[in-house]
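Please read them with the structure open.

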Amino acid sequence: MFIVTAEEMYGIDRETMGSIGVDGKILMENAGREVSREIKKRITKKDVITVLVGGGNNGGDGFVVARTLHVEGYSVKVVQVVGDEKIKGDADYHKNLFLRCNGLIFYRDFISDEVKHIIKDSTVIVDAMVGIGVRGKLKDSILSIAQFVNESNKQVIAIDIPSGLPADEYHSEFYAVQADTTVVIGALKQSLFLQDTASYYGEWMMVSIGFPFEVIHQYTDKQWWNITDFQSSFPKRKENSHKGTHGRGLVIGGNHLMPGSVMMTTRAAVRSGAGLTTTGTSKSVISMMASSCNESMYIPIQEQEGYLSGASEIDYSVYDAVAIGMGIGRKKVTQKLIQETITAAKGILLVDADGLYHLKDQLNELKSRQKPTILTPHPGEMATLLDVTISEILQKPFSFSKEFAMEYGVYLVLKGKFTIITSPTGRQVVESGGNPGLAKGGSGDVLSGIILAMVMQDQPIFEAICNACYLHSASADNLVKEKHSVYDLTATDIIEGIPNVLRTLTSSE
Ligand SMILES: NC(=O)C1=CN([C@@H]2O[C@H](COP(=O)(O)OP(=O)(O)OC[C@H]3O[C@@H](n4cnc5c(N)ncnc54)[C@H](OP(=O)(O)O)[C@@H]3O)[C@@H](O)[C@H]2O)[C@@H](O)CC1
Ligand SMILES: [K+]
């Protein structure tokens with residue numbers, strides 16, 4: 001499913017009406033019909049439904065919903081929250097159809113006693129006051145109605161986007177309707193995937209109203225990765241494959257005080273299907289790891305006082321992919337190792353955790369790498385890399401990711417509740433699975449191991465990274481459904497949950 005900004009949505013709309021020639025009235029009819037279909041799944045004929053209608057096309061969709069439900073025998077009223085002069089064009093056309101079907105409209109552009117009574121007497125509120133055309137904070141008239149709706153405790157179903165909520169990242173102050181359900185029209189809006197706006201949508205689903213796939217794709221290359229994408233792109237294993245077919249991976253990390261990270265990355269890589277996995281770490285970490293991770297091979301790396309300091313003895317040419325940085329610490333002696341690896345690694349290179357800290361002064365080195373580089377920061381690490389605050393990153397994660405990935409020619413995995421994966425060409429995918437159980441030390445190390453394994457398989461690298469993120473989240477979600485809670489889930493559990501996801505989601509093999 002595609003993700004758009006408001007501007008991109010308007011482009012798609014214009015192109016569909018202009019070049020393709022689909023009439024706006026038909027798009028509005030389609031939108032209202034499809035939204036009604038979703039609403040009907042959530043209501044009965046006993047419900048009392050109030051549709052709050054505003055002055056733009058979002059309001060027009062509201063009139064279609066009101067008519068569709070009214071003619072099918074549902075109890076529906078419209079409250080038009082703007083003056084008559086604001087209802088124009090296609091919306092006015094659909095308003096008239098509703099009136100001609102003997103639909104009932106109340107006109108109120110502020111919260112009056114009458115509107116309060118109508119809302120109190122309703123069981124379901126359909127919010128069609130403002131859509132993606134919202135500019136700035138809601139004006140007082142509509143604001144007062146939105147506030148009353150939020151306090152009313154009624155079931156609220158928003159059309160396209162909750163009124164008042166910005167569609168894009170980097171918005172100013174807002175007040176929005178809190179929806180229980182939002183029926184999103186045509187394409188997913190960016191604010192569905194931002195930390196401070198996502199929850200306003202409540203449960204959501206998307207309906208198609210006739211925008212051609214090619215037209216949508218022409219305006220956006222942002223996409224939400226779901227089970228269908230995972231299943232259709234996950235590589236099938238060939239009968240005649242052998243361990244070399246599935247990649248030789250090297251994990252470099254750990255220090256004498258943090259042996260766990262590199263261990264988890266290694267074990268996650270092994271569990272996710274890496275053909276051969278080698279761990280490069282200090283002698284003391286090797287002795288701690290070897291007994292519990294016997295599928296891996298080991299290379300001792302030079303160390304100073306327990307911290308890795310140089311890797312010149314590694315023959316990088318034998319590895320398809322290298323992951324570096326997990327539990328490596330921030331001591332200056334380690335910086336040289338990161339430097340060496342960037343230039344010496346001949347295959348795919350993934351840099352995570354403290355590796356990113358050391359990378360900060362060497363970002364330009366990445367531009368001359370011949371093979372793909374993957375960086376996997378969380379917002380804090382991303383903020384450090386860019387010298388901005390975490391809250392700035394969270395306000396516009398799509399833009400920061402895209403600029404960074406394109407500037408340095410890297411695949412960027414900005415981790416979080418909504419993980420954004422960006423390719424060096426600026427293509428973006430959001431992976432939104434997972435649960436709060438993942439917000440613990442070690443889950444990033446596990447993700448790095450899964451990515452390392454996936455990018456060595458027979459599939460394009462971008463899809464491989466998206467699938468790795470999906471697998472990581474799906475493992476956590478399954479475990480919380482079946483035998484764990486978000487409190488006790490550990491990074492090690494996530495590794496143990498991988499087989500179940502692989503078995504169930506790739507079972508057609
Ligand atoms: N082809 C179609 O028909 C399709 C249409 N689609 C649908 O149309 C929607 C977009 O429609 P749109 O562009 O008309 O804008 P919309 O969201 O209704 O907002 C404009 C209204 O809001 C008002 N308003 C703005 N800011 C405000 C504020 N701060 N506080 C208060 N009021 C404020 C503004 O008032 P004004 O500023 O003009 O006084 C104006 O009345 C989209 O979300 C989807 O539902 C899709 O289904 C695709 C196909
Ligand atoms: K709305």
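1. Six residues of domain 1 are in contact with ten residues of domain 2. Contact means that the C-beta atoms of two residues, placed from the backbone, lie within 7 Å. On the domain 1 side, the touching residues are three nonpolar, two polar and one charged. Here Ala, Val, Leu, Ile, Met, Phe, Trp, Tyr, Cys and Pro count as nonpolar, Asp, Glu, Lys and Arg as charged, and the others, Gly among them, as polar.

2. This is a predicted model: local features need pLDDT of at least 70, side-chain atom pairs count only at pLDDT 80 or more, and totals for chains, interfaces and linings use all residues. Residues are numbered from 1 along each chain as its sequence is written, while chains are lettered from A and ligands numbered from 1 in the order in which they are written.

3. Domain 1 spans 2–217 and domain 2 spans 239–505. These bounds come from an automatic or database domain assignment. The C-alpha centres of the two domains lie 42 Å apart.

4. An unreviewed UniProt entry places a "binding site" at Lys415, Gly416, Lys417, Phe418, Thr419 and Gly444. Such annotations may be inferred rather than shown by experiment. The positions are spread over 30 residues of sequence, yet they cluster in space, with a largest C-alpha distance of 13.9 Å.

5. Is Lys415 buried or exposed? Lys415 counts as buried because it has 24 C-beta neighbours inside 10 Å; the cut-off for buried is 20 or more. Leaving aside neighbours within four places in sequence, Lys415 is in contact with Thr376, Pro377, His378 and Gly444.

6. Thr419 also counts as buried, because 26 C-beta neighbours lie inside 10 Å. Its contacts, beyond four places in sequence, include Val413, Leu414 and Cys469.

Technical notes: A residue is buried if 20 or more other C-beta atoms lie within 10 Å of its own, exposed if 12 or fewer, and partly exposed in between; C-beta atoms are placed from the backbone.
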